[in-house]
Amino acid sequence: MAQFMDVHEGFVGVTQEQLLEAHNTDLANEGAEGVHFEHAWADPETGKVFCLSTGPSKEAVMRVHEKTGIPTNQVFEIQLTA
């Protein structure tokens with residue numbers, strides 16, 4: 001499985017509870033696409049949310065986010081790590 005990082009924008013002021021709710025929604029919908037969302041981070045000041053996942057393709061990750069109502073086209077395959 002490939003690993004992906006995606007970025008969402010527009011979440012200025014997001015709370016820990018809201019981030020957890022969004023992450024849990026992704027977890028509830030990930031199975032149909034063979035995706036697993038491992039972790040999510042947020043910066044409430046800039047409104048950016050970052051999600052780390054594994055899955056068969058970036059399109060699969062995008063479909064899960066679309067289904068959960070949190071779409072993004074900023075999905076990046078992680079090819080190198082240190």
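**Reading burial and helix packing in a predicted model**

Modeller: Ser53 counts as buried because its relative accessibility is 0%; buried means under 20% relative accessible area, exposed over 50%, and partly exposed in between (1.4 Å probe, protein chains only). This is a predicted model in which local features need pLDDT of at least 70, side-chain atom pairs count only at pLDDT 80 or more, and totals for chains, interfaces and linings use all residues. Residues are numbered from 1 along each chain as its sequence is written, and side-chain values use heavy atoms, with hydrogens and water left out.

Biologist: In which strand is Ser53 found, and with which residues is Ser53 in contact?

Modeller: Helices (H or I, at least four residues) and strands (E, at least two) are DSSP runs, numbered from the N terminus. Ser53 lies in strand E3 (residues 48-55). Contact means heavy atoms within 4.5 Å. Leaving aside neighbours within four places in sequence, Ser53 is in contact with Ala2, Gln3, Phe4, Val35, His36, Phe37, Glu38 and Val61.

Biologist: Which residues of H1 are buried, and which are exposed?

Modeller: The arc is that of the directions from the helix axis to the C-beta atoms. In H1, Leu19, His23 and Asp26 are buried. They cover an arc of only 55 degrees around the axis, which puts them on the same side of H1. Glu17, Glu21 and Ala28, on the other side of H1, are exposed.

Biologist: What covers the buried residues of H1?

Modeller: The cover includes strand E2 (36-43), E3 and helix H2 (58-67).

Biologist: In what order do the elements of the protein chain run?

Modeller: From the N terminus on, the order is β-α-β-β-α-β.
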